[in-house]
Amino acid sequence: MSEARLDTVRLQTVVKGFWESAALMSGVELGLFTAISRGNDGIESAAGALGIEVGNAERLMTALTAMTLLQRDGDTFTNAPDVERFLVEGSPSYAGPWMLFGKPAWNEWGQLTQHLRQPKSDQKILGKYDDNFTVARARDYHAATYSIGLGAARRFHKQVDLSGRKRIMDLGGGSGCYCITAAKTHAHITAVVLDLPSVVVVAREFIAENGVADRVTAEACDFTADALPRDADVAIMASNLPIYSREIIAGVVRRVHDALLDGGEFHLIGEILDDDRRGPIAPALWGLSEAISGSTGLAHSQSDVIGYFVGAGFRDVSVTEFIPGTLTRITGSKS
Ligand SMILES: C[S@@+](CC[C@H](N)C(=O)[O-])C[C@H]1O[C@@H](n2cnc3c(N)ncnc32)[C@H](O)[C@@H]1O
């Protein structure tokens, strides 16, 4: 039997992955995909629209073509379908800010080895969300989460019928996208976004912009430590899971169970590993990113999270794929 011949191609591709990240981020920052969509679809015209040297436009557009983000036909370029949909400014589905979400941590990822050498005693419960997470930082951060979270929130409210519910508490609700969409979907529902003080300022801005301030509020609450409201029949917690250790998340799930009204439901939408812990890659990397943040967090598996729910007393615990390969929704009811 012949053995597959091994080479270093895969390893070389992975190790240069950050070059590809940089190329995509520059494409977004320079507005290349928007320029191409608007007809500046050759190297020279794109260079003119971007205000960069023709040679640099050629470098970037050649790399992005090889990455299959651009399609090339002779001297004419078009955006790949996902790029055209999500990376052209002015479109309602524009997700450019989300593409740049990880960039503030760029230099720290270069120091990953040092971060992995940090002792446990240096870990901070709130990780990157400590006192340095200012209003200005929160504003940039949630411009990014809102650009992707609104789509996720719409998907949630298509999957989950909350028409019979009265009040939502959204733990770590960020921009408020889940509560804002709830208020727009159900004329009677009220909601409170619970988040850290700097984020509450920003959530209130999104809530006001969306014209739902009469039914959606935002309140400062550290969900790992502060009392949770006791008047909600729905709790949501989205995209927070890997920030915290198993003990902390188990404690939060217990406190949600205690605070929810009888008959209420809890939806935890998280970056969750399969039970064999072999993937998917996205939750695994979110867990690794917590080494950069200096938190206690890590990637949790489906059975970890089901265990937190069952241990807290939730019944009818179910698992639903939410965003393939990225987010899973775990739901439980309080009897
Ligand atoms: C990645 S964002 C997700 C925001 C929102 N749930 C969404 O899906 O768009 C994580 C949010 O959790 C908040 N958060 C993290 N730890 C928290 C804590 N202990 N108490 C309250 N909010 C917290 C952060 O401030 C941030 O707004």
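Accessible areas here come from the Shrake-Rupley method with a 1.4 Å probe. On that basis, the protein chain has an accessible surface of about 16,900 Å². Carbon and sulfur atoms account for 53% of that surface. The model is predicted. Its protein chain holds 15 helices and 11 strands. The radius of gyration is 22 Å, close to the 20 Å that the globule rule gives for 335 residues, so the chain is as compact as a globular protein of that length.

**Overall dimensions and packing**
- Along the principal axes, the C-alpha atoms of the protein chain fill a box of roughly 65 × 55 × 45 Å.
- Of the 335 residues in the protein chain, 47% are buried.
- Among contacts with a separation of 6 or more, 70% come from residues 24 or more positions apart.

**Charge**
- The protein chain carries 32 positive and 41 negative charges.
- The mean positions of these positive and negative charges lie 4 Å apart.

**Val15**
- Val15 sits in helix 1, which covers residues 9-15.
- Val15 counts as exposed because its relative accessibility is 57%, and the cut-off for exposed is over 50%.
- Val15 and Glu271 are 256 residues apart along the chain, and their C-alpha atoms are separated by 24 Å.

Note on methods
Residues numbered from 1 in each chain as written. Predicted model: local features only at pLDDT ≥ 70, side-chain atom pairs only at ≥ 80, totals over all residues. Heavy atoms only, no water. Helix = DSSP H or I, 4+ residues; strand = E, 2+ residues; numbered from the N terminus. Rg over C-alpha atoms; globule rule 2.2 N^0.38 Å. Buried < 20%, exposed > 50% of the residue type's maximum accessible area, 1.4 Å probe, protein only. Contact = heavy atoms within 4.5 Å. Lys, Arg positive; Asp, Glu negative; His and termini not counted. Charge placed at Lys NZ, Arg CZ, Asp CG, Glu CD.
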